[in-house]
Amino acid sequence: MRYPLQQWTADGSRVVMIHQHFHVEKEDYANAGRISSQIKQMLKQLGVSSDVLRRIAISCYEAEINMIIHSYGGEVVLTLSNEGKCELRFSDLGPGIDDIEKAMTPGWSTAKASAREFGFGAGMGLPNIKRNCDDFDLTTSPEGTTLVIGFKVL
Amino acid sequence: MKASLLIEKYGFEKISDSSADFEIGSAFVGDLLSWVMGHAKSNDAWITILGHPNIIAVALLRELACVIIAHDAQIQQETIAKANEEDFLILKSPLSAFEISKILISEGV
């Protein structure tokens, strides 16, 4: 079923249309991409255009994979508001990114050999995300990394 | 060209249950998932040697047409099961990615 997004506008007040949490396990390669698929499916049913959907799917997949490969696990929070903004928040439990500047450099990767065998570790994750989203905010410390990315869906 | 031509004319092996009765418009060669996510186009046939189930996740998210496994590379049972679940086509060939690309080009892809 498709819901036209244009009908969502409410009298200037912020109405959250979707707010959902997803749990990410450390090194759960077998399920990698599952959350991205669910989010893509949900947004597709809500009538998000295919171009925006493509950008969200790419970014979400890369961030989900990053958490699986590099973090101790964490969660993804999807928020879609009637202001026409889709926000994805990826929060993990550490160990943090040593050097954000290097991590943002295409081709640079700290992925282990086990991850590379599966075709991960191209060093294109964060650059792919940055290129595809409208808003990008990355904060990190040894206690955890939080990546918040936003997309205009209207 | 239709994906089914690769089976009928060139002997590619169909290893998932999905139909091959659809057109391949273009193709992409790559064995790094993020590279494929970042650069492949919707409806591309993806030529790779990766056999891990994540190729299906990437292919579906990126809306690729099918996966063609080159060099008869090993493919995991979970990958085939996932492709069947999603009605997604996987083909396999002993040829290299280059030789598969040449076939696609010669058939007008």
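Analyst: Two residues are in contact if their C-beta atoms, placed from the backbone, lie within 7 Å. With that cut-off, and keeping in mind that this is a predicted model, 18 residues of chain A are in contact with 15 residues of chain B. On the side of chain A that touches chain B, at least two residues each are supplied by α1, by α2 (50-70) and by α5 (125-132) of chain A. The largest share of that side comes from α2(A), which gives 4 residues. Sorted by kind, the residues on the side of chain A that touches chain B divide into 10 nonpolar, 6 polar and 2 charged. As for the scores of the prediction, the model has an ipTM of 0.85 and a pTM of 0.88.

Chain B holds 5 helices and 5 strands, and along the sequence they follow the pattern α-β-β-α-β-α-β-α-β-α. Because a compact globule with 109 residues would have a radius of gyration near 13 Å, the 12 Å of chain B agrees with that expectation. Along the principal axes, the C-alpha atoms of chain B fill a box of roughly 30 × 25 × 25 Å, and 44% of the 109 residues of chain B count as buried. Among the contacts in chain B with a separation of 6 or more, 47% are accounted for by residues 24 or more positions apart.

Some details of the backbone also deserve a look. Most residues other than glycine have a negative phi, and most peptide bonds are trans. A:Glu27 counts as partly exposed because it has 15 C-beta neighbours inside 10 Å. In chain B, B:His71 has a positive phi of about 55° although it is not a glycine, and B:His71 lies in the loop between β4 (66-69) and α4 (77-85). With 15 other C-beta atoms within 10 Å, B:His71 is therefore partly exposed. Back in chain A, a cis peptide bond with an omega of about 10° joins A:Gly94 and A:Pro95, and A:Pro95 lies in the loop between β3 (85-92) and α3 (100-103) of chain A.

Definitions and conventions:
Residues are numbered from 1 along each chain as its sequence is written. Chains are lettered from A and ligands numbered from 1 in the order in which they are written. This is a predicted model: local features need pLDDT of at least 70, side-chain atom pairs count only at pLDDT 80 or more; totals for chains, interfaces and linings use all residues. A residue is buried if 20 or more other C-beta atoms lie within 10 Å of its own, exposed if 12 or fewer, and partly exposed in between; C-beta atoms are placed from the backbone. Ala, Val, Leu, Ile, Met, Phe, Trp, Tyr, Cys and Pro count as nonpolar, Asp, Glu, Lys and Arg as charged, and the others, Gly among them, as polar. The radius of gyration is taken over C-alpha atoms; the globule rule is 2.2 Å times the number of residues to the power 0.38.
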